[in-house]
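Hi,

Have a look at it first and then read on.

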Amino acid sequence: MKMRAAVLEQFGQPLAVQEVELAEPRAGEVLVRLVACGVCHTDLYTASGADPSGYAPAVLGHEGAGVVERVGPDVASLAPGDHVVTLFSPQCGECVHCVDPRTNLCLAIREQQNQGFLPDGTTRISREGEDVRHFMGCSTFAEYTVMPEIALAKVNPEAPFEQVCLFACGLSTGLGAAINTAAVEPGSTCVVFGAGMVGLGAVAGCRLQGAERIVCVDLSAERLQLARGQGATDVMQGGEGAVEAILEMTGGFGADYTFEATGSVAVMRQAVEAARMGWGLCTVAGVAGRGETLDVVPRLLITGRRVAGSSFGGVKGREQVPVLVERALAGEIDVEPFLSHRLRLDEVNRGFELMEAQDGIRSVIELG
Ligand SMILES: NC(=O)c1ccc[n+]([C@@H]2O[C@H](COP(=O)([O-])OP(=O)(O)OC[C@H]3O[C@@H](n4cnc5c(N)ncnc54)[C@H](O)[C@@H]3O)[C@@H](O)[C@H]2O)c1
Ligand SMILES: [Zn+2]
Ligand SMILES: [Zn+2]
């Protein structure tokens with residue numbers, strides 16, 4: 001079938017929205033009609049050429065939500081009409097990681113996905129006979145996509161598409177960092193560095209876990225205001241004095257849980273230093289630049305601080321994304337403030353511009 005899609009032709013150039021060919025789903029695959037898709041930093045990171053593992057031509061986008069149109073052979077858990085969220089982090093349910101509660105890093109299709117192929121090592125997207133590769137196993141800057149069944153989470157059809165698509169990446173990452181990775185305990189003190197989609201999700205996650213005090217640190221007063229709306233009890237301007245200020249607020253000890261959601265290794269270091277002696281846990285969610293390293297004085301670790309990394313918030317997508325969506329429907333998570341701009345597919349490059357200008361938290365492309 002023919003469809004419109006935003007193709008990365010050349011690194012550093014705007015995406016080109018054009019007509020491409022999409023082949024039918026094969027065994028274990030599903031054709032999804034996309035309705036909404038968020039624009040995320042990882043799309044821009046790859047489009048800019050900064051990502052050393054990037055490739056082109058490819059259809060970008062990975063924060064999608066839509067409706068199952070058709071299923072290929074051997075697909076049992078999804079049917080036409082189901083509402084789904086795309087998962088760049090799949091859940092096969094069978095690999096050694098999927099059966100272990102300690103991680104969400106499914107191993108089933110990693111290698112092919114990283115190279116831009118579906119699990120059988122081929123692509124479904126093409127134009128005039130030339131293969132176009134998939135991105136993060138999703139390729140959701142398009143009217144349709146073909147994805148493996150194990151990379152789609154079936155969600156409550158009452159949830160609006162432009163809100164559920166945010167659970168495909170940033171929002172679940174932040175929520176999960178607090179709920180899964182850190183497993184914040186009720187009554188604790190938390191500090192979240194960064195008030196973008198991921199940091200604000202972490203603030204909401206700390207609130208849902210029953211944290212007593214939630215301090216959010218960012219450079220933008222506007223974003224700190226949004227953090228208050230998600231449950232931050234205190235907000236603070238980031239920068240050089242942030243660690244000292246946090247120590248002062250916590251009787252000199254530091255916080256029970258700290259979260260880093262900026263992508264800056266200097267801030268990651270601050271997040272470790274702001275964690276409490278004895279048991280403070282620092283959860284790192286930000287993606288650092290190529291070759292950058294985290295500088296930590298080992299004594300901080302010997303005296304009981306711990307550091308954990310979190311990919312997609314440790315969320316096992318097929319099981320847990322639907323639960324998070326239910327919590328949003330129940331009014332526990334206020335998703336609306338994250339949705340800043342609604343764009344058409346033709347305006348996808350504008351989405352990148354808005355992101356670079358830090359204008360709003362998320363731009364969502366409406367495809368319906
Ligand atoms: N681990 C994962 O699975 C995963 C998933 C999605 C995104 N990410 C990463 O998480 C990070 C955050 O993503 P986002 O979409 O929220 O980004 P964002 O750019 O919207 O937010 C980052 C925030 O950090 C703030 N910031 C910058 N320097 C700061 C400082 N010195 N002190 C305090 N705050 C500071 C900025 O003002 C901004 O509000 C990025 O690195 C992104 O790549 C990780
Ligand atoms: Zn993303
Ligand atoms: Zn698996």
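A quick word on terms before the strands: two strands pair if DSSP finds at least two bridges between them. Helices (H or I, at least four residues) and strands (E, at least two) are DSSP runs, numbered from the N terminus. This is a predicted model, where local features need pLDDT of at least 70 and side-chain atom pairs count only at pLDDT 80 or more, while totals for chains, interfaces and linings use all residues. Residues are numbered from 1 along each chain as its sequence is written, chains are lettered from A and ligands numbered from 1 in the order in which they are written, and side-chain values use heavy atoms, with hydrogens and water left out.

**The barrel**

Five strands form a closed barrel in the order β1-β2-β7-β8-β4, and the pairing is mixed. Within it, β2 (residues 16-22) and β7 (residues 125-127) run antiparallel and are joined by two bridges. L22 has I125 of β7 as its bridge partner.

The loop between β7 and β8 (130-134) holds E128, whose phi is positive, near 45 degrees, although the residue is not a glycine. For burial, I use under 20% relative accessible area for buried, over 50% for exposed and partly exposed in between (1.4 Å probe, protein chains only). E128 counts as exposed, at 86% relative accessibility. S139 also has a positive phi, near 50 degrees, and is not a glycine either. S139 sits in the loop between β8 and β9 and counts as buried, at 2% relative accessibility.

One more backbone feature: the peptide bond between A56 and P57 is cis, with omega about -5 degrees. P57 belongs to the loop between α1 and β4 (58-59).

Why call β3 (residues 29-38) largely enclosed by the rest of the structure? Because nine of its ten residues are buried.

Which strands does β3 pair with? With β5 (residues 63-71), β3 runs antiparallel over eight bridges, and G38 stands opposite E63 there. With β9 (residues 144-148) the pairing is antiparallel too, over five bridges, and V32 has T145 as its bridge partner. With β18 (residues 362-366) there are three bridges, again antiparallel, and A36 stands opposite E366.

**The zinc ions**

For the metals, donors are N, O and S atoms within 2.8 Å (3.2 Å for Na, K and Ca); water is not among the atoms, so sites may look incomplete.

The zinc ion (ligand 2) has C40 (SG), H62 (NE2) and C169 (SG) as its protein donors, at 2.0 to 2.3 Å. Along the chain these donors are spaced C-x21-H-x106-C. C40 lies in the loop between β3 and α1 (41-48) and C169 in the loop between α3 (161-164) and α4 (170-181), so the pair ties together parts that are 129 residues apart in sequence. C40 is buried at 5% relative accessibility, and C169 is buried with a relative accessible area of 8%.

The zinc ion (ligand 3) is held by C92 (SG), C95 (SG), C98 (SG) and C106 (SG), at 2.3 to 2.4 Å. The spacing of these donor residues is C-x2-C-x2-C-x7-C, and both C95 and C98 are buried. For reference, the ideal angle for four tetrahedral donors is 109.5 degrees.

**The second largest pocket**

A pocket here is an open set of points on a 1 Å grid over the protein atoms alone, where a 1.4 Å probe fits, with protein on both sides within 12 Å along at least five of seven lines; lining residues have an atom within 4 Å of a point. The volume, meaning the space filled by probe spheres set on the points, is about 180 Å³ for the second largest pocket. Of its 13 lining residues, P101, R102, T103, N104 and G314 are the closest to its centre.

N104 is ten residues from N114 in sequence, and their C-alpha atoms are 17 Å apart in space. N114 is in helix α2 (residues 110-114) and is exposed, with a relative accessible area of 53%.

Cheers
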